Amino acid sequence: QVQLVEAGGGLVQPGGSLRLSCAASGSIFSINVMGWYRQAPGKQRELVAGITRDEKTNYSDSVKGRFTISRDNAKNTVYLQMNSLNPEDTAVYYCKYILRLDRRGPEYQYWGQGTPVTVSS
């Protein structure tokens, strides 16, 4: 059973920083893509950033230059460093992994439970 557990959310003032983490547990063969999504109240879930196994990254335009995604393959963990936060970044942040449970099997996608981020003075 694979589980993704996020940490690091909270309340921060505008201009501040937070670092989110998402760690996977369970029997995993490989994690191909790790990503962060967010969902603000009344809005659809949107991609924030993604990172491939060979560490190619992509970001939404709204966070480019402020957020940095990174991964630690040895720990099955992905991080999201968020700087220069503004109230529009307020949302529940979710991690998503696309992974294989064994070498020949299909890819599966798993989601974390979400961690809230509130940017307010």
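Student: What should I keep in mind before I start?

Tutor: This is a predicted model, where local features need pLDDT of at least 70, side-chain atom pairs count only at pLDDT 80 or more, and totals for chains, interfaces and linings use all residues. Residues are numbered from 1 along each chain as its sequence is written, and side-chain values use heavy atoms, with hydrogens and water left out.

Student: How many disulfides does the structure hold?

Tutor: A disulfide is a covalent bond between the sulfur atoms of two cysteines. The working cut-off is a pair of cysteine sulfur atoms within 2.5 Å. The structure holds one: Cys-22 and Cys-95, with sulfur atoms 2.0 Å apart. Cys-22 sits in strand S3 (residues 18-25) and Cys-95 in strand S9 (residues 91-100), so the bond ties together parts that are 73 residues apart in sequence. Strands here are DSSP runs (E, at least two residues), numbered from the N terminus.

Student: Why is the disulfide called right-handed?

Tutor: Look at the torsion about the S-S bond: it is about 50°, so the disulfide is right-handed.

Student: Is Cys-22 buried or exposed?

Tutor: Buried means under 20% relative accessible area, exposed over 50%, and partly exposed in between (1.4 Å probe, protein chains only). Cys-22 has 0% relative accessibility, so Cys-22 counts as buried. Cys-95 is buried as well, also at 0%.

Student: Now the charges. Which residues are linked in a network of salt bridges?

Tutor: For a salt bridge, look for a side-chain nitrogen of Lys or Arg within 4 Å of a carboxyl oxygen of Asp or Glu. A search of the whole structure finds five, and the network links Arg-38, Glu-46, Arg-66 and Asp-89. Asp-89 pairs with Arg-38 at 2.9 Å between the closest N and O atoms. Asp-89 also pairs with Arg-66, at 2.8 Å. Asp-89 lies in the loop between S8 and S9 and Arg-66 in the loop between strand S6 (57-59) and strand S7 (67-72), so this pair ties together parts that are 23 residues apart in sequence. Both Asp-89 and Arg-38 are buried, and Arg-66 is buried too.

Student: And where is Thr-90 placed?

Tutor: Thr-90 is in the loop between strand S8 (77-82) and S9. A polar contact is a pair of N or O atoms within 3.5 Å; within protein, one must be able to donate a hydrogen and the other to accept it, and residues adjacent in sequence count only if both atoms are side-chain atoms. The side chain of Thr-90 reaches the backbone oxygen of Pro-87 at 3.0 Å, and a polar atom of that side chain lies 2.9 Å from the backbone nitrogen of Val-119.

Conventions. Helix = DSSP H or I, 4+ residues; strand = E, 2+ residues; numbered from the N terminus.
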